[in-house]
Amino acid sequence: MALESLDIQNKLQETFGDNVKYFRTEYDMFVFEVDSDVIYNVIKFLKEEPSLNFNFLTDLCGIHYPDSQENEKFCVVYHLHNWFENKRIRVKTFLNGTNPEVKSITSLYNCADWMERETFDFYGIQFEGHPNLVRILNMDEMVSFPMRKEYPMEDSGRTDKDDRFFGRTVNNTTI
Amino acid sequence: MGKVVLPADHRYYKYIEERHNEDGSELAILNLGPTHPATHGIFQNILLMDGERILDAEPTIGYIHRAFEKIAENRPFYQITPLTDRMNYCSSPINNMAWWMTIEKLLNIEVPKRAQYLRVIVMELARITDHLICNSILGVDTGAYTGFLYVFQFREKVYEIYEEICGARLTTNMGRIGGFERDWSPKAFELLDTFLKEFPIAWKEFENLFTRNRIFIDRTVNVGGISAEKAMAYGFTGPNLRAAGVDYDVRIAQPYSSYEDFEFNVPVGKSGDTYDRFCVRNAEVWESLSIIRQALDKMPEGNEYHADVPDYYLPPKEDVYNNMEALIYHFKIVMGEVPVPVAEIYHPVEGGNGELGFYLVTDGSRTPYRLHFRRPCFIYYQAYPEMIKGAMLSDAIAILSSLNVIAGELDA
């Protein structure tokens, strides 16, 4: 019997109540959001509960939302995959802007080690309990977090790549 | 030999300073890389050695980090393919096609069957070149240069096919949103036919040189083995995982580009060692050849090579000059005024080394808001220190080759 999105939702809501919310299906993926203080427990539950059995961490990455409210400035996105039922889910957790910190899941999935280091390197998100949280792709001496939106990629005086000069602003489409 | 100077907080410090073996010999540190010819790319590993044996390893990566994810946030969607080529440059067309398929999923574009089959052919050709390089380089690292030079000429033949399709060879930048930029020429199909005739003979000979070769077996069997559980925990995918006995393949689990139309096997190994990885890749080459033949046989009639999506697919140049509507579409596409929904997409494909995924977040503007590449190499290379612990130095080189770690994909 296939693992239905609704079953996952019911099981999570039974165990974690309001800490797990905004369940929806985006394109082919079941997505929900989790409060950052229970994210470790939720992922542990998703992995270890026999009927859910999300055995594989496909991907882990960060996103920066500088225009959001203070407690939703950063997002950590987990893609989990149950290979037995072939079910993929995306779990998102939002962190605050001043001190983004979330519990590390390296003890659940070995492969989270470098993915969390990469996320730390790019966004400065602290993974509490990570065995070796140092920069991985950039040099150790670097002080900024380059994937944050305020970090300029090239000459900030350059205007030829600015959306406004192409007659459009962000979110001006209808589809 | 001079004394090794290590900072006191280095994790090898206590071993070097305090621990000597009972016979009076000392442990040593060996810096393997970053630019060592045996590593086939820019990898640094600081090895703690007891004589010829490796006790511990500390990999450093990022030597060719080019910040593709940051660059992608500043580029229109159709200008991101050149970035994807440069990740796994041994099988660039797979990366290119994976990117187009991600956008097509975002925009709900249905690609014509013929274009899907053409994509399957070019992706399987890319898989062949990827595996061909990995396996023949493994031969070089175990002392057999001949096989490498022999099959390498067939990579050239594949590159000639790419050249005929898109004009480029290594970093192909192939395809457009909805299909290909032009139809394949008759010459491309001719070259493909010749390749399908000549390559299997050479590949059989290559296999004969290696699979039952005493020296090769001694060098690879039980070297760098990894159990299925560990491989999964370390995020292995692709041939390296299948060598450990897990039959996970994205082409089967979530078929894309009409892979469900083809019959093929998923070869698996047993012990996950270097020899099994070699054999799985060899067997996958045969499966890829079979898929290409099936795709050619089943190829739908006609000459459709792209979807009818004028909003996203550039019109032919002569129309741009002579037709008002085409000019408008051309302008809108080039100026990035095409509508894109606000969405989040994850699209996985079976790359040369495993599950290659694109996680795309859009905000409706002409560039991605966030684009994250799930790079199989980056994820499974973490297991390397554990795999080489206790091995000999020369085995470490063979293990690195058999994992097929591509520096471009590792660092993105």
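Of the 412 residues in chain B, 60% are buried, where buried means under 20% relative accessible area, exposed over 50% and partly exposed in between, with a 1.4 Å probe and protein chains only. The structure is a predicted model, in which local features need pLDDT of at least 70, side-chain atom pairs count only at pLDDT 80 or more, and totals for chains, interfaces and linings use all residues. Residues are numbered from 1 along each chain as its sequence is written, chains are lettered from A and ligands numbered from 1 in the order in which they are written, and side-chain values use heavy atoms, with hydrogens and water left out.

Chain B contains 18 helices and six strands; helices (H or I, at least four residues) and strands (E, at least two) are DSSP runs, numbered from the N terminus. Its radius of gyration is 23 Å, close to the 22 Å that the globule rule gives for 412 residues, so chain B is as compact as a globular protein of that length. The radius is taken over C-alpha atoms, and the rule is 2.2 Å times the number of residues to the power 0.38. Along its principal axes, the C-alpha trace of chain B spans about 85 × 50 × 35 Å. Among the contacts in chain B with a separation of 6 or more, 69% are accounted for by residues 24 or more positions apart, a contact being heavy atoms within 4.5 Å. The accessible surface of chain B is about 15,800 Å², and 53% of it belongs to carbon and sulfur atoms; such areas come from the Shrake-Rupley method with a 1.4 Å probe, and for residues only the protein chains shown count as cover.

Chain B carries 40 positive and 57 negative side chains, and the centres of the two sets lie 2 Å apart. Lys and Arg count as positive and Asp and Glu as negative, while His and the chain ends are not counted; each charge is placed at NZ of Lys, CZ of Arg, CG of Asp or CD of Glu.

Over all chains, the structure has 32 salt bridges, each defined as a side-chain nitrogen of Lys or Arg within 4 Å of a carboxyl oxygen of Asp or Glu. In one of them, Glu156(B) pairs with Arg169(B), the closest N and O atoms being 2.5 Å apart. Glu156(B) lies in helix 6 (residues 145-166) of chain B and Arg169(B) in the loop between helix 6 and helix 7 (186-210), so this pair ties together parts that are 13 residues apart in sequence. Glu156(B) is partly exposed at 30% relative accessibility, and Arg169(B) is partly exposed at 27%.

Another salt bridge joins Arg219(B) to Asp395(B), with the closest N and O atoms 3.9 Å apart. Because Arg219(B) lies in helix 8 (residues 214-220) of chain B and Asp395(B) in helix 17 (residues 393-403), the pair ties together parts that are 176 residues apart in sequence. Asp395(B) is buried, at 14% relative accessibility.

Asp249(B) and Arg251(B) also form a salt bridge, their closest N and O atoms being 2.9 Å apart. Asp249(B) is buried at 2% relative accessible area, and Arg251(B) is buried at 4% relative accessibility. Both belong to a salt-bridge network that also links Glu124(B), Arg127(B), Arg242(B), Glu284(B) and Glu350(B).

Chain A has three helices and seven strands, in the order α-β-β-α-β-β-β-β-α-β from the N terminus. Buried residues make up 51% of its 175 residues.
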